[in-house]
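Work through the exercises below with the sequence and the model side by side. Each task is followed by a stepwise solution.

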Amino acid sequence: MKLSFWQIITIPLLVGLVLSWILFSEPGAEIEATISAAQALSGGDTEGYIQALGPREFVFPVDHGAHPGFKTEWWYYTGNLFTKDGRQFGYQFTIFRNQLSPTEAVNVLIDPKIVRTHNLEWNTNQLYLAHFAISDVLKKDHVFDERYSRGTAGLAGASVDPYRIWLEDWEIIQVKDSMASGERFPVRIKAEMVNGTALDIQLSPQKPLVLQGEEGYDKKGGLDGNASYYISFTRMQTDGVLQKDGELFAVSGLSWMDHEWSTSALDSGQTGWDWFSIQLSNGYELMYYQIRNVNPDLAPQITGSLIAPDGQKRDLDQGEVRLEVLEYWTSPHTRARYPAQWTLAIPSEELEMDVATVFDDQEMTVSVQYYEGALQVSGNFRNEVIGGNGYIEMTGYEQE
Amino acid sequence: MIRQYQDLLWQSSLRFLLKHPWHFLLSILGVALGVAMVISIDLSNSSAQRAFSLSAEALTGKTTHQIQGSGDFLSDQVYRDLRLTTGYRNSAPVIDGYGTLQGLDRTFQILGVDPIAEGPFRDFSSQDGGIDLARFITGQPTAVISESVLADLAKNIGDSIQVSVSGRLFDLLVVGAIETDDKRSQQALESVLLIDINIAQQLFGMASQLSRIDLIIPNENEESIIASLSAGLPVGTRLVSTSSRTDILSQMTRAFELNLQALSLLALLVGMFLIYNTMTFSVVQRLPLIGRLRALGVTKLEILSMILKEAVLIGLIGTILGITAGIGLAQFLLELVTQSINDLYFVLSVQELTIEMALILKAIILGLGATLLAAFWPAREASEAEVSTVLRRSSSESKLVHRLPITATIGLAIGLAGGGILLLPHGGIIAGYSTLLFVIIGFSLLIPSLMVGLAAFMRPIFGTLNGLIGKMSVRGVVTELSRTSVAVAALVVAVAASVGVGIMVDSFRVTVVSWLESQLQADIYVQPPSAVARKADAQLQTELVQLLKETEGVESVHSVFSEDVMTTFGSSNLVTTSLGVKASESYQTKELQDGFWGQFAQEKVIMISEAYAYRFGIGIGDSLGIMTDKGMQYFPIKAIYFDYASDMGTVTMNRSLYDRFFGNRAISGLALYADDQTEVNVLVDRLRDRAAGVQDVFIRSNKGLREASIEIFDRTFTVTVVLRLLAVMVAFVGILSSLMALQLERAREHAVLRANGMTPGQLWNYVITQTGVMGVIAGVLAIPLGLLISYVLVYVINLRSFGWTLEFMVSPSLLIQAVALAVVAALLAGIYPSWRMAKANPADALRSE
């Protein structure tokens, strides 16, 4: 009797102890959520988007603006600028547009009765992205910054008249000029990085717009639709100011503009590209890119054009350009191994030059990893010694 | 040697306890019940708190500051300017609101964000957190919810869910699930529906508007950044720190929680009486043994520690059982507490109980502490037992009778001191509860004297009714006063507590009902469903307002609008009414300046509710600063009105005045008057027909709304009523156990009575009458103490917690109930001992010692 009474008491006692022990052994952890693999700029599904299937008629200034319906688009400005003392700075300023879903997102009212009087300014499926980088050649210092925004509500976008491509307070905006034509007008680029590095420059096209590839239709892969529309201003006189490390520099030099839009570009076997834009001292410009294949035996897909001082374009054919890598640089940031020095020869044009990055580390380690670097060029063109500057973009060198 | 001898004492203790298992068990029950009440209230409160802070933490993320508009809205231009002109990029636009998911009957916090800007702020809503932009920002109505909610709904990613916002139903496509592997975050995000900001603007009808802008301002140069950002903000917007915002929310429920806690402590107090009672018993019963032990050389200290050790054992077992039971009880209370918070303050979803070590420790300390405290006096009494003589109870009884005047005087002094506490300035709620405690203790000390008086009064009555046995029974209560008085005191306190709380709830209800009657003057009321029952936080569609106004049979209409605005005293609820001078018919004022109603319709004046005036210590003659679209404006307060809808208090202004300072045109409620030819019910049906398909709103007649309001009122008091019932249960079990123990204790006396010729029937009569007498005494004494407690609750605690003036309302049925409760418990307590005694052979009982 006594024992059983004690047993009755002991059991809840033990149960209570065990229960309370279990209840307190809950671990704490950070709140985080994973939903699915995020791919901000996924190439993935192209169904439902407009594809670049053949040459088209361009209308300006409309075609300087955005082309919704195509998945990707970019306005890409690079240049080499010099101070009076000859100190060199390279710059890259690019605004990307990325359409997130194929269907048009214009005013899909979820309850038309209620909101019909209002303008849905925040409604969009356009994502804007911007990259801004400065290469300080003297200090071998490459600084860069990246931004995102939804392409709506006045936060980011591309308007035609006046021309303005912007992401928040980073913008490329048309400058009033009485000499401006529908396709050709000066613009101003204004941007400041978080660290204070800033650029405020004015660019005036010195030559007419170049329609790259086949009248602006540029095939990049073997498949139909793996192509883009591609237009360039290959020589733009540039003047303005640049601020870096607390110093303000008056700079001038030459810039290059590429505007390109597409839905899909690369075939599945293609890994990346080496894309040159070079301004030569004799008034010529060279655009040349090769898209490499996974299979090294396959010849790369190339597009190239040589622009004469009068603006005439000569397309370069497959096999006309000889490119040889002389040096490589391995990135300490990503372990990626990029070419750093080349010889580039176009025998048919009696052009042969050494091309080198102005310094090694001009890698962009932002949401997309690539190399965007200022170039120095020297060589011979039709027996004439030439120099020049340019930019190289390299993708697909990521370490697996 | 010494050790063994001490073990011997301990074994004697154990042996004693084991020989009296009923007694032992009842002591444990006393502790367990008290502890269970305290821990269950603590746990449910803290779980609600924790759920709130966890969800606040998850939703706030790394946000340090926020930009808010003058009311609930902020123009999106502020965000554009911030990004494009000021260039402050640690900023994210947010729209938040509430909605109900179809299929799950609970409210969700709907968070509308721009996931592209979210990165630095919240982990679960940004690209980095895995929001697939391509599927989330499509212009289509998409949503992301917690995986567990998806499972509850039996839906998958790719399915549609329906959400109801302000009475409108929307289909949303689920494009992702918030998966969390730990319980904490799961709990925090379980009531969150994440949508794109564009969809949020549509759901809440907030085109070009935001709820707020979240900011991250680094600690270093915080001040200069705030200064420069504030300088760029348009008039009517302000930058506040996030913590101040969540503080406001958690402060809201402080008084509410404190009151619940106090009720649970009351239960512990009753438990203490029970422990005291049973410990005294066990000591008194053993006095002969203790006397012998002392004679054998056991020291006073050893006796003291022996008794206290017993108390520790009882306390420990009781506490552990109490904690276990309390956790179970908390599961149930949590639902009630959450419901009340949702009705009264803000939307909160608490899915599970969180058990904090600190609270368990507190319960252990309280349980053990209370047991030791209650056992101390009996233990001291035991240790002071005379060495030479075997002390008889009669001598301690006579001692107590001698002490009666002193005890009564001390009791009176403590009671008066309790009253004195109320006079302390800035005493607050804590002082109110201290008064309550003092009054209860003081009254308890008066109980022995009152019992003697009452017994003297009752003896002739019972003598007439029940002859000798009646007289004997009453006399028996007084002769063993040291034991009966404690049992009666425990019963009185427990019953009085339930009477007090009962009167308080009744008074409250009567006040609210009569207030509703005067407040609701119109025939028909139209409201959209809102997330928090007592707050009109949803809006009527403009189209609907027009439609209803033009309905045939509607003679006149007035509208109200409620929103939270920033004032000198932080975020406050501002109600605007389109009633001009006629507002005087609906609003009962406590104080007002002459000619106020004329001014209210025309001039820049406002009135504030009683609770608001009390909370912030302002009144007529003061001015209240309100952040408007035209900047900070000061409004003279010209009247104070009664309002029992919100304990946070409200500020009321005329609509025309509001429109002068705010751009918002929204309406959150409509009151309609039927013309003479139209029957109200007919008009209600007509209006419902017209509203169908536009917005799902409540259209109720005056009577319907009143009933609905009272229903909500009753719901918010469910937790109090449940606690009261629990206190009654504690009282019931307590009285049952102590009176039963008392009678079992008297087995020997009963045997003597039987041996002297008393029949089993007469003994039965004797025992039942005696416990019945104690029940009646307790019931009668519980009434004045109950009234005292209710008086303190209504006029001190309520006023100090909420600033409300209540009508004091005592319903006789409540008092009769109290006496009946005491008597029934007492009678029940007599059944088992008398049954056992009647059955037993008196010779055995006499032989036992």
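**Exercise 1. Describe the contact between domain 1 and domain 2 of chain A.**

Step 1. Count the residues. In this predicted model, 27 residues of domain 1 of chain A are in contact with 25 residues of domain 2 of chain A. Contact requires C-beta atoms, placed from the backbone, within 7 Å.

Step 2. Find the strands. On the side of domain 1 of chain A that touches domain 2 of chain A, at least two residues each come from β1 (72–82), β2 (88–99), β3 (126–136), β4 (141–150), β12 (227–244) and β13 (247–262) of chain A. Strands (E, at least two residues) and helices (H or I, at least four) are DSSP runs, numbered from the N terminus.

Step 3. Sort by class. That side of domain 1 of chain A holds eight nonpolar, 13 polar and six charged residues. Nonpolar covers Ala, Val, Leu, Ile, Met, Phe, Trp, Tyr, Cys and Pro; charged covers Asp, Glu, Lys and Arg; the others, Gly among them, are polar.

Step 4. Domain 1 of chain A runs over 41–264 and domain 2 over 269–400, with bounds from an automatic or database domain assignment. Their C-alpha centres lie 22 Å apart.

Numbering starts from 1 along each chain as written, with chains lettered from A and ligands numbered from 1 in written order. Local features need pLDDT of at least 70 and side-chain atom pairs 80 or more, while totals for chains, interfaces and linings use all residues.

**Exercise 2. Where in chain A does pLDDT stay under 50?**

Step 1. Take the average. Chain A averages a pLDDT of 84, and 85% of its residues score at least 70. pLDDT is the predictor's confidence in each residue, from 0 to 100.

Step 2. Check the start. Residues 1–6 of chain A fall below 50, with three contacts beyond near neighbours in sequence.

Step 3. Go on to residues 25–43 of chain A. pLDDT stays under 50 there too, and the model has 46 contacts beyond four places in sequence for this stretch.

**Exercise 3. What span does helix α15 of chain B have, and where does α15(B) bend?**

Step 1. Compute the expectation. A straight helix of 52 residues would span 76 Å, that is, 1.5 Å times one less than its number of residues.

Step 2. Compare. Helix α15 (residues 428–479) of chain B spans only 43 Å between its end C-alpha atoms.

Step 3. Locate the bend. α15(B) bends by about 145 degrees at B:Asn466. The angle is between axes fitted to the seven residues ending there and the seven starting there.

How values were computed: Two residues are in contact if their C-beta atoms, placed from the backbone, lie within 7 Å.
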